[in-house]
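Hi everyone, thanks for coming. Let's bring the structure up on the screen and walk through it together.

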Amino acid sequence: MPRPVRVTIYGLFPTVYSMCAPCCARDYLALCRPSHQVDQLGEYPEKLRRNQRLLELLAFRLGSIRGVRVEVVSADSLKGVLLAARYRLGLGPAVIVEGRVFKGRDLGYGKVVRYVEELVAEKVWGARATGP
């Protein structure tokens, strides 16, 4: 069986997301939502909340694709620091798909999902994607 497509979701996440650790392996994929989360997220800047929502949607969508392995890495972790140095990420959100980095203006839901789906079709299922 071919190896799954590796996707790393990187960002500086609000600390409220670590509150779910005891009940969920990763709250992004399990969509664990404690009631206090909404109040606490309201205290964060709008840009951070927008970025957070994008990363949540990407993690949930990409995690549902058969043949994809998603890992979420916080920028303030040791692994996050190493990824930031290797790929020159900074503190902004990013998605790394098999070494290709989507960040800044290049980071868009549709663009990332299409790329991953095409890569899975080619790498995992052996089909060549057709179209523009």
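Let's start with the largest pocket, which holds about 170 Å³ of space. A pocket here is an open set of points, on a 1 Å grid over the protein atoms alone, where a 1.4 Å probe fits, with protein on both sides within 12 Å along at least five of seven lines; lining residues have an atom within 4 Å of a point. Grid points are joined across faces, edges and corners, and the volume is the space filled by probe spheres set on the points.

A word on the source: this is a predicted model, where local features need pLDDT of at least 70 and side-chain atom pairs count only at pLDDT 80 or more, while totals for chains, interfaces and linings use all residues. Residues are numbered from 1 along each chain as its sequence is written, and side-chain values use heavy atoms, leaving out hydrogens and water.

So who lines that pocket? The lining includes Arg 6, Thr 8, Glu 71, Leu 83, Tyr 87 and Ile 96. By class there are three nonpolar, two polar and five charged residues; Ala, Val, Leu, Ile, Met, Phe, Trp, Tyr, Cys and Pro count as nonpolar, Asp, Glu, Lys and Arg as charged, and the others, Gly among them, as polar. Helix α4 gives the largest share, four residues. Helices (H or I, at least four residues) and strands (E, at least two) are DSSP runs, numbered from the N terminus.

Now look at two of these lining residues. Thr 8 sits in strand β1, and Ile 96 in strand β3. Are they buried or exposed? Thr 8 is buried, at 10% relative accessible area, and Ile 96 is buried too, at 4%. Buried means under 20%, exposed over 50%, and partly exposed in between, with a 1.4 Å probe and protein chains only. Thr 8 touches Glu 71, Leu 83 and Ile 96, among others, while the contacts of Ile 96 include Arg 6, Leu 83 and Tyr 87; contact means heavy atoms within 4.5 Å. Ile 96 and Arg 6 are 90 residues apart along the chain, yet their C-alpha atoms are separated by 8.1 Å.

Stepping back to the sheet: four strands form an open, mixed sheet in the order β2-β1-β3-β4, where pairing takes at least two DSSP bridges between two strands. The edge strands are β2 (68-74) and β4 (100-103). Strands β1 and β3 run antiparallel, joined by four bridges. Helix α4 (residues 78-87) packs on this sheet, touching β1, β2, β3 and β4.

Key:
Axes fitted to C-alpha atoms, helices over the stretch in contact; angles between N-to-C directions. Lists of a residue's contacts leave out its neighbours within four places in sequence.
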